[in-house]
Amino acid sequence: MEYTIPMPQRTRQQKTSFADALLAYYRVHGRTLPWRAHTDPYPIWLAEVMLQQTTVATVTPYYARFLEKFPTVQALAAAADADVLHLWQGLGYYSRARNLHACAKAVVADHGGHFPRTEEGLRALPGIGPYTAAAVAAIAFGESATVVDGNVERVMARLFRVQTPLPKARPELRRHAQTLTPHTHAGDYAQAIMDLGSTVCTPRSPKCDRCPVAAFCAAYAHGDADRYPLKTPKAPRPAKAGVAWCLLDPDGRLYLRQRPAEGLLGGLWEVPTDGWEGPLPAPLARLTATAEPEDCGTIRHVFSHFSLDLQVVKVAVPRPERTWVSAADLGAHPLSTLMRKVLTRAGIF
Ligand code: SF4
């Protein structure tokens, strides 16, 4: 027995270890996911990076394409930046793709192509945060590391009826998660607790009636699981607006520019915009339209920390010496979801 949560009324069931109850459930009901077929750290790490802020359904086809194109960490390390970004496009949070690539290069250059086997060693790699380090250490190497993501935080808040609201509650929730982490079966336990949060202890309407750890759950005992985790009210999401200029040369080719490697949507290609990140560069603003600009309407895109309304305008212009791309060549330029919305609205993509 690893740990038993003290409960006001002791029953026979409560003497069963939390970890034992969860593992028994996981062995029967655990999800079958493509990355669970692997014991090699590379595909496990790849899946964990992709799954951050992204659903299993979205990640699954990307994961298959990545492994097919880059079957080893050496193959990924040797890839061109543009190829990595290209395969990632549409998955969002593009800094993850750049960090993924930097991490693969570090594993090959500094560790002979082998991932460090401990949570601490993994943390020292570029782009690997506490969650990913713990997940890879537990699942690939069997280290008794505690995985804490949003799902696990929610489960802990309910199990212990934590009265501190998020995000302030994070250290307390982590401590609870550490207390429950067993010393054996670390990989299965990490996946079991994440499955519990994803499929049973869901954000809305948790399925307490079929929860394997209901006997250990303070919120269940009080009948108020829906109240947890408590949250500090969010400030309203700021709204930004601007114009996306789809400039077309006399041959119908589109002007694209590449964003700086660092920062929002780093390294991706885009049509020029103004009004939300700064004005249109002067040489572009001086171009004279050869026909009446076409207002294609406005698209909305919601980033994690602001929303953006972009008016999409299509303009025919003479061709200056810049990067002009035919519709057939668009696929060679990694584009963000925002830009694909813009170009779809303009009837170009
Ligand atoms: Fe979550 Fe309900 Fe299980 Fe408690 S009993 S851990 S609230 S699903």
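**Aromatic pairs and ligand shell in a predicted model**

Tyr42 and Trp45 are both buried (under 20% relative accessible area with a 1.4 Å probe, protein chains only; over 50% is exposed and in between is partly exposed). This is a predicted model, in which local features need pLDDT of at least 70, side-chain atom pairs count only at pLDDT 80 or more, and totals for chains, interfaces and linings use all residues. Residues are numbered from 1 along each chain as its sequence is written, and side-chain values use heavy atoms, with hydrogens and water left out.

**Aromatic pairs**
- The structure holds 10 aromatic pairs (Phe, Tyr or Trp rings, the six-membered one for Trp, with centres within 6.5 Å; planes under 30 degrees apart are stacked, over 60 edge-to-face, the rest tilted).
- The Tyr42 and Trp45 pair is tilted, because the ring planes stand at 40°, with the centres 5.9 Å apart.
- Both residues belong to helix α2 (residues 41-51), where they are three residues apart, about one turn of the helix; helices are DSSP runs of H or I with at least four residues, strands are E runs of at least two, and numbering starts at the N terminus.
- Together with Phe115, Tyr42 and Trp45 make one aromatic cluster.
- Trp276 and Phe303 form a stacked pair, 6.3 Å centre to centre and with 20° between the planes.
- That pair links distant parts of the chain, 27 residues apart: Trp276 is in the loop between β5 (273-274) and α13 (282-285), and Phe303 in the loop between β6 (294-302) and β7 (307-316).
- Trp276 and Phe303 are both buried.

**Charges over rings**
- Arg65 lies over the face of Tyr62, 4.8 Å from the ring centre (the criterion is NZ of Lys or CZ of Arg within 6 Å of the centre and within 35 degrees of the ring normal).
- Lys240 places its charged end over the ring of Phe306, 4.5 Å from the centre.

**Ligand shell**
- Around the ligand are Arg158, Val200, Cys201, Pro206, Cys208, Cys211, Ala214, Cys217, Tyr220 and Ala225, each with a heavy atom within 4 Å of it.
- This shell divides into nine nonpolar residues, no polar and one charged (Ala, Val, Leu, Ile, Met, Phe, Trp, Tyr, Cys and Pro are nonpolar; Asp, Glu, Lys and Arg are charged; the others, Gly among them, are polar).

**Gly223**
- Gly223 is in the loop between α12 (218-222) and β1 (239-248).
- Gly223 counts as exposed because its relative accessibility is 68%.
- Between Gly223 and Cys208 there are 15 residues of sequence separation and 9.6 Å in space, C-alpha to C-alpha.
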